[in-house]
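Hi,

Here is the structure we talked about. Please open it first, then read my notes below.

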Amino acid sequence: MPQDNRPQQPAGPHGEGPRPDDQGMGRRDFLKRVGAAAGVAGLAAAGYVTLHDPTGEAGLAMPPPIRLPNYFASVYDKFSASDPRLVIARTSGEQTILETVRKALAPMGGIERFVQHGDVVLLKPNVAFDRAPALATTTNPEVVAAVAQLCFGAGASQVLITDNPIEAPQNCFYKSRITEAAQRTGATLMLPSSSRFRDVEIRPGAPDPTRNEALGTWQILYEPLRAANKVIGLPIVKDHNLARGSLSMKNWYGLLGGRRNQFHQAIHEVISDLGYMISPTLVIADGTRVLMRNGPTGGRIDDVKQAGTIVAAVDQVACDAWCYENLLERDPARLAYLEYAEQKFGEGIGEKRFGQRDWKAYRDRGLITEV
Amino acid sequence: MTRTDMNKNDTSSTRGGTGGGLWRITTARIASQAFFFAAFVGLIAVTSYVYLADNPRLISWVSKLLEIDPLVGISTALTTRTIYSGLIFSLVILLLTIALGRVFCNWVCPFGTLHHFTGWAFGRFTTKQRIDANRYRPSYAIKYMILIAMLVAAMFGSLQIGLLDPIATIHRSVTIGVMPGLQEASPATFGDIRVYHLAWLVGLMLLALVLLNLLIPRFFCRVLCPLGALLGMFSRFSLWRVHRDKDKCTSCGLCRTHCEGACDPDTSLRKSECLVCFNCVDDCPHGALKFGYLPPTDTQVTNPDLDRRKVVIAGLAGLAFIPLAKAGGKTTKDFQSSVIRPPGSVEEQEFLKRCIKCGQCMRVCPTNVVQPAALEAGIEGLWTPVMNYRVGACQLNCVACGQVCPTGAIQRISIEQKLGVGKYAAAGAIRLGMANYDLGRCLPWGKGMPCVVCEEVCPVSPKAIYTEWRQFVMRHGKKMITAASAQTLTLAEMPHGGQLRPDPTVLQPNSLQGDDSQRFYVRVHHASGTTETHRIIANSVDTVRIDGAFARVPGNNDIAVLLNEVQVPIIDSARCIGCGLCERECVIIGDRRGVYVTAAGETRSHGYGERDRSIRLIK
């Protein structure tokens, strides 16, 4: 029951003049007290109104998904109609891997066509398992070191190396000797940690299974992709029990987080989506030794074929088709994801590619070179 | 005067205050308390699916007392950065507190009224004892520390205010701890008997909090209540408060006789403790106490009894709770498959940012399937709702739990959204989890017995459980043929090496005729290595007659295998919504069911990265 009950008496029993009580109740004090109450009330009201979420939808809104840039766009213009899209380089004699990689890039204009001064280059080798290099389940550390060295030589300000392995990342990078390759060349390892992942929109809306689509928005190891302006895929060519071959497109699996174990329900749809997801600057496939059986984990030296081959490509379909036929020695017509990839690359990011998806046609037109 | 009426309408000559007429401000207060307590009882009473189905306009009212609770509004704002739906109404209480002090506590709060009433009815204090019992004690600052710890925990994503928030506590206590007892006493009045997991614990907490009033009057309100503490923080700004006129006051202390807040009206009024019950104004024999606008500050203690040390200790306690609660990994890697949340629930970590453990969803659920969790969802998830499909199953065309949820832990979904029809067809049905068969326990799968109750009750259309005929070799089903015609076989037991006697025959006359739910076959293994299988239409103890004729009449010493064919149930992972009706109706009762639902496959976590618990890539 509010009532004005301020002391009215001008004088109290304490002596002459106003009571001490009244002295505190000047205009200043009045304004201070009413102002404080009004201020707190106003803040509370403003906070409530600002934060109000009538339907509950605002509280559940996720940050808008990120889209990956096209890492090939700046290179596209530098290609002429007659430049090769795929170069196969074989080691000969005492050639080092560095020399072989350089040889593979030469017909496409060398690393300088892909990496310019000041670029931050992300290398994505396959480091999926905790295995020694000789077992051919992870990308050859010499290939990783050679590409890092070439990038630095072309003026790259930073070379990042990343992968999201199946087994413990530290162990995988160490055992595959890619940690050592990074240390040797001055490249920076970026191991996966939960804060480095973001939701990336691979395609807007829900995937359409009738068009062999499987991924819409997915958790991606985004921090290295954001830091870099050039991305070079460094897959190893190897057998895969379910997908039949683990090649350049399958290599991007290592950029994904989330529930990757669901991918095996539609492996060819997913692999072609991975190729669709990213438009790399360049792909350099490691065919120095090839795991022919028991992939992708391998583990027996008898399963490894010494192939001495490096394949440089700006076209993932062509790269995978060639490696599957010539290194894994199988019929690419039976590799379902190649067909799906050709369907998918014709739209969207395909515009930034060369339009021609058929690797056999490349060969006919001299767009494939062996050196 | 050993005990006065709560009404204080005795005509004691010592009364001064606001006047001794028929109308007192305390009368209005008691009327308000009675009104809001009756409202609470009434709203709890109508929070039943059957009643709300007939009176849908009441749905937005049944959780209103929870929605006007500023602790719910502010703490969920800290966890979710939003104020959900009706929680905006709590602003009214907040503004009221800034103007008039903690009037909510002694005019509105039904839990406060319960404690007030208990103290009045059972407190055995003489006036002198009462005056002593209502003196402020340092322990009354504990509630501020509880509040700070809970708000700090909320800032880091764990909403624990529901453990002690008075409105959530009284709703939960009545739903889980009181109603089952009343229902037991009179199902006709209070509805069918409900069961709740660990109900005794909830009931015991209520009992303990009520009994503690006998030790310290309004123990809960003064010592524990985090909502009271929050309002105390705001009431320091209040423009009106009880004011003592020093000139009239004789310091007799009688104003403390019925002081509910223990706010020391006889000396310097503790603004944050005063519950604005007006008993002091009523009790003062000298008329020295008035409810005044902006009285001088030298007769009040403005701030709560907090110092930096207490704030830091409470803050650290709240902060320490986060790693301790989260380290178990129950919301991430060690998520328990039994944590199946009601339909419309948000993802688990988001859920724990919202759920205030009020139990409204459990109260409204028509099937009793929504149960308070123990520790399966981690220490954070105590008393949050989980589905128990041995108790009930999620009714297909019901979304009542989300309608009454005050905080959006369970969203207000529509039936169309739940079932994934109409404009929600592309999103698909909301899946609570997925059913699985325990192949050893399921009667057809493990025992070769016909059953498939689960398929029959599956409410999804088309059914998420389908059946397939499967053949199992019968026990002792391997026989030796001693004679055969085109349509009949005479069978004998197989010779058993080393055994004195063969197995007894298992055949009863015409026991292999079969019916719609079970069929019997005989598979003949010819000596040549070929086999042929035929349905049995009749049998005696040692002969079987088949439907049709053998392609090749079996010879002596050929082998005949008797086969039992039943329908086995199979889950269609694209259709199962995890409603649990199959589990509830499973015939394997009194134990783990032959079919059971786990949270794996739930849709609420879809899109949450590593916490995504969906099974299918293509949804």
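**Strand β11 of chain A**

I236(A) has D286(A) as its bridge partner in β11(A). Keep in mind that this is a predicted model.

That pair belongs to a parallel pairing. Strand β9 of chain A (residues 236–240) is joined to β11(A) by 2 bridges. Strand β8 of chain A (residues 230–234) also runs parallel to β11(A), again with 2 bridges. There, G233(A) is partnered with V283(A) of β11(A).

Strand β12 of chain A (residues 304–313) pairs with β11(A) in the antiparallel sense, over 8 bridges.

How many residues of β11(A) are buried? The count is 10 of the 10, across residues 282–291. The strand is therefore largely enclosed by the rest of the structure.

**A helix pair in chain B**

Now switch to chain B. Helix α4 (residues 70–80) packs against helix α14 (residues 226–235) there. The angle is about 85°, and the axes are 9 Å apart. Angles of 65 to 115 degrees count as roughly perpendicular, so α4(B) and α14(B) are roughly perpendicular to each other.

Which residues make the contact? From α4(B) come P70(B), L71(B) and I74(B). From α14(B) come P226(B), L227(B) and L230(B). By class, the contact of α4(B) with α14(B) has 6 nonpolar residues, no polar and no charged.

Best regards

Technical notes
Residues numbered from 1 in each chain as written. Chains lettered and ligands numbered in written order. Predicted model: local features only at pLDDT ≥ 70, side-chain atom pairs only at ≥ 80, totals over all residues. Axes fitted to C-alpha atoms, helices over the stretch in contact; angles between N-to-C directions. Helix = DSSP H or I, 4+ residues; strand = E, 2+ residues; numbered from the N terminus. Parallel < 35°, antiparallel > 145°, perpendicular 65-115°, else oblique. Contact = placed C-beta atoms within 7 Å. Nonpolar A, V, L, I, M, F, W, Y, C, P; charged D, E, K, R; others polar. Buried ≥ 20, exposed ≤ 12 C-beta atoms within 10 Å, placed from the backbone. Pairing = 2+ DSSP bridges.
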